[in-house]
Amino acid sequence: MTEKVEKVLEVKDLVVEFKTDRGTIKAVNGVNFDVFKGRTVGIVGESGSGKSVSALAIMGLIPNPPGRVASGQILFNGKSLVNMPAGEMRKIRGNKIAMIFQEPMTSLNPVFTIGNQIEEVIELHQPQLSKKEREAKAVDMLRLVGIPSPEKRVKEYPHQLSGGMRQRVMIAIALSCEPDILIADEPTTALDVTIQAQILELMKKLQKELGMGIILITHDLGVVAETCDTVAVMYCGQIVESADVKTLFNHPRHPYTKGLMNSIPSFDSTAGHKKERLQTIEGMVPSLFDLPAGCNFQDRCVNVTEHCRGSLGEPILRDMADEGATHLAACFNPLKKFEGKGL
Amino acid sequence: MNMYSYILRRLLYVIPVLLGVCFIIFIIFNVVAPDPAYVLLGRHATIEQINQLHKELGTDLPFWNQYLNTVKTAFTFDFGSSWSSKQQISEMIKAGAGPSLTLTVPLFIITFIVSISIALLVSFYRGGFIDKFVLLLSIAMMSISSLAYILFGQWFFAYKLGWFEIAGYEPGFPNFIPYTVLPVLLYLAFSWGPDTRFYRSMILDEVYQDYVRTARAKGVGELSIMFKHVLKNAMVPILTYGIIQIPMLFLGLLLAESFFGIPGLGNITIKALNTSDFPVIKAMTILSALAFIVFGVITDVLYTIVDPRMKLK
C-alpha cells in the first residue's frame, strides 16, 4: 500500500437502528471503514453481525420504518449520503454505487428479458444514449462478464440461465454504468464452489479494468483471503478487528478472528491418519436485545478475563500494529503475535 | 405456431365439455323436470292436447333421442323457439347481445382499471392511513347488498336528482349512455371492494421479492417499480381472477338488467325463468358454458404473454 490511492467512500461512526416490538436495537453500532479506488474491502462476520445492514445503509436502502441511520456519516467522494434527498440518491444508486446480492436465483425480475434489465439501468443513468446504443451496450456488458453468445442471451429470460450465469448478469447490471463502488453482498454464497471461484475471478478482473472499489461482504474467510486488500471483522454490529489482509491472516489479534479462522476446514487436518475435529466457536451470538456489559464476545472467548466483563467498559478499537500499517482490534486481552494460521 | 395449435386443441376440448353440459341439461329438463305439457297447457288439458304437444316438442321420443336433440341444438345454435313468445331463440339472443355488451364491456373495463389502481395505491402506502381507510370503506361497501345499491341508486340519482334514466334502453351509440351509466357505476360501487382486496394481496406478494430490491439498487423510482416490475409479476393471478369474471358478469347482471329494464341476455333469462321457458333457459346455460370455455382459453394465452416462464403445452 505504498502508492497513493484515492479514497471514494468513508463510513464514519455509522449507527443503524431498527425499531421492533421488543425495543430498539442497533444493528450497526459505530462502524468505520474506508473504500479506496481499485481496492477491495472485505467485511466478515456471522449472520446478523450487521454486514448487510451496513451495505444497505450505504445504498440508502434501509427499510424505513422500522430502520434508520441514527447517527454517523457516509461520505461518497466527500458528499454525505445520509439523509440525501431520495431523487438525488436514486441518481447515485446503480450509477455511482452499485450492488449485487446473495440470491442470484431471485434477484432478477422473472418477467423481463435480461437485456431489458440491463438496458433499464443504462436508460436511467445515461438517458443520452439511444435505444440502439443501449442494446449494443447490453450485449457488450454480457460479453464483458463472460456470458457466451451474448447476442442471443440478451433476449432470454432469467429462468433460462443457471445461477452462476444469473450472478454474471447481476454483475453486468451493476457495472454497466461503471460505478465507483461495487457492493457485493455474499455474491458467491449461493453458488457451487467452482462457480464461486469463477465469479470472484471475474470481479477481480473487472476491478482491474474498471478500477472500482469493492466492498465484499462474506462469512467466508477463504473468499476474503483470495480477493480482499483490507478486512474488517464484524461482531454484533461492531468492527472488532481490521487490518490489511496479510496482517490479519498472519497475526490475528482478536480471539473472534482466530475463532473464525479455526473454523475453516484445512487440507492438512484431513491428510493425516488422525482426523482433527473441525473447531467451532463455542456458544452463540448474543441477542442484540440483550447485549452483555463490556465485551460482546466475553461468553464465547477463550481468553476472557475479569475486565472483559464490564469493569473497563466496552473495548474500543486500538492500534496493535508493530510495523507501520494499521491493525486495529477491540480487545482487552489480545492474542500475541504469530498465533495465526497464516496465509 | 405453437400457440395456434394450442388454441385449436383447447377449442377441441369444447366438444366433450359441451356433451357433458348437454347431458346435465337433458337430465334436468327432460328427465327430472315436470312434464312441460302441464306447464304449457295448464291443468284442464285433454289427453289429445297433451299427446299433440308431446309430439311437437319431441318429448314423446325415447330418452337417447331427446339427448341427441339437445346435443344438436348446442352444436348448431339452433335452439328452436321460445315457448312463451314463440320467437326464434337465436334471434332473441342476437337482439339481446347488443344491450348486454354495452353494459358489461364498459363495466368490466372500468371496474378492472379502478380496482387495480386503488390496489396499487394502497399497496404503495401499505400499513398507512390510506390503506386502512380504503380497507374500512371497501368492507363497508361490499357488506351492502347489491339490491340496496340498485334501489338507492334508482331512487336517489335517477328519481331525486334526475341525472340518469330510471330504467329503459335505446339502441345505438350515444343513445344508450344515459341508461347504462347508472348500472355501471352501481356495479362498480358494489364490486371494487372485493376486487381491490384481492389485487392488493397479489401485489403485496410481489412487493417484498428480491427483484424489487434489485430494482431499487439500480436506482429505479418507486412508481416505476410498482407499475412496471411489480404489476407485471402480479399479472398472472390478476388475469385469472379478472377474466373469469367476464362470463360471470353475463350471469351476474341478471338482476341489474331486469331492474333497469335493459333488454339484454340477463333480462331474457330472468323472464324465461319466471315463465318456465325451458328452451330459452337451456340455450342460456349452453351459452354460458361456452363463454367459460372460451375465456379460459383466452386467459391461458394471456398468461404466456405476461409470464415467459409459462409455456403452452
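Biologist: How do α6(B) and α9(B) lie to each other?
Modeller: Helices here are DSSP runs (H or I, at least four residues; strands E, at least two), numbered from the N terminus. The axes of α6(B), residues 89-124, and α9(B), residues 177-207, cross at roughly 40 degrees; axes are lines fitted to C-alpha atoms over the stretch in contact, with angles from 0 to 180 degrees between N-to-C directions. Under 35 degrees counts as roughly parallel, over 145 as roughly antiparallel, 65 to 115 as roughly perpendicular and the rest as oblique. The two helices, α6(B) and α9(B), are therefore oblique.

Biologist: What kind of model is this?
Modeller: Residues count from 1 along each chain as its sequence is written, with chains lettered from A and ligands numbered from 1 in written order. Local features need pLDDT of at least 70, side-chain atom pairs 80 or more, and totals for chains, interfaces and linings use all residues, since this is a predicted model.

Biologist: Which strand of chain A pairs with β1(A) over eight bridges?
Modeller: Pairing takes at least two DSSP bridges. β1(A), residues 7-20, has eleven bridges to antiparallel β2(A), residues 23-36. A:V15 has A:N29 as its bridge partner there. The eight antiparallel bridges go to residues 67-76, strand β4(A).

Biologist: Which element gives the most to the side of chain A that touches chain B?
Modeller: Contact means C-beta atoms, placed from the backbone, within 7 Å. Chain A brings 23 residues and chain B 18. On the chain A side, α2 (86-92) and α3 (114-125) each supply at least two. With four residues, the top contributor is α3(A).

Technical notes:
Two residues are in contact if their C-beta atoms, placed from the backbone, lie within 7 Å.
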